[in-house]
Amino acid sequence: AGSGTSVTLADAPITVSGSDATFAGDVTFGDSHFIGDDADDNLLIQSSANENIIIDSADDIILDAGGDDLRLKVSGTEYAKFNNSSSNLNIFSSIQDKAIKFIGNDNGTEITALTLNMADGGDATFAGNAGLGDASNISMTAGSAGQLQVLGSGYTGAIALDGDAMHIYHNSSSRDLILGTNETARLTISGGSGNTAITGTVTAPTFSGDLNGTINTATTGAT
C-alpha cells in the first residue's frame, strides 16, 4: 500500500496506513511473547515462560509515570515502590516488616553495606564505618528523651539526654565507667561501688558544694 493508503487485511484486525499499522486486538509473537490488554484493560507486555524481557537503548531509558508510582512486583505481589510526593522521592518496602538492603561487591565478595530494618522501627545497620562531614552532628528528635547507644562485647553503653541533664551509662553493675586521654584511664567510676579513682593530680583552688564519702590524702602532695 502506498503512503496515505489504508488497507484492512481480510481475516485479521490490522489496519495499515502508510508506514503505520494499527492492531485492533492482542499481538502474539513467535515463542508466545505477548502484547495486549490485561483483565483490567491495562497494557500488558509479557514474555513466554522462563524467558526475559530485555529493554536495550542506545541512549537513556526513561520511565514516566503520571500516576506518581513505579511499582515492582513478583508473581503479582508488590514488594517495592518508588513514589513521587510533592517532588520528593519516596522509596517503599511494600511487604510488612521487610528490610531495604544496600548490597555491593567488595573486592569480589558480596556485602550488605546498609540494612534499613522496617520490622524494628527503621533501625539502620552499617556493615562498616559511617562517616559524617566535618561540620555534621548526630541529632536525636528534639523535645523527647533519647539515647545514643554503643554496643560491644555483649554490653550496652549509652549517652542519654533529657530535659534536666546529659547522662552517661553502662548497662552492667559490674563494669566500670572510664574517662581517659591518650588511651589511658584518667578517671574510673566503679560499676559496683560507685567509688571514683583518679589517675594524676586533682588541681582545684576551691571546691564548690559538698564532698561526700572518704577522701584519701595519703598521696604525696595531696592536701
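User: Does Ser87 count as buried or exposed, and at what relative accessibility?

Analyst: Ser87 counts as exposed, because its relative accessibility is 69%. Buried means under 20% relative accessible area, exposed over 50%, partly exposed in between (1.4 Å probe, protein chains only). This is a predicted model: local features need pLDDT of at least 70, side-chain atom pairs count only at pLDDT 80 or more, and totals for chains, interfaces and linings use all residues. Residues are numbered from 1 along each chain as its sequence is written, and side-chain values use heavy atoms, leaving out hydrogens and water.

User: What is the phi of Ser87?

Analyst: Most residues other than glycine have a negative phi. Ser87 has a positive phi, near 70°. Ser87 sits in the loop between β8 (77-85) and β9 (88-93). Strands are DSSP runs (E, at least two residues), numbered from the N terminus.

User: Where does Asp68 lie?

Analyst: Asp68 is in the loop between β6 (43-46) and β7 (69-74). Phi of Asp68 is also positive, near 80°. Asp68 counts as partly exposed, because its relative accessibility is 34%.

User: Which strand holds Met166, and which residues does Met166 touch?

Analyst: Met166 is in strand β15 (residues 166-170). Contact means heavy atoms within 4.5 Å. Leaving aside residues up to four places away in sequence, Met166 touches Ile159, Ala160 and Leu161. Met166 is exposed, with a relative accessible area of 57%. The C-alpha atoms of Met166 and Gln147 are 9.8 Å apart, with the two residues 19 apart along the chain.

Note on methods
Helices (H or I, at least four residues) and strands (E, at least two) are DSSP runs, numbered from the N terminus.
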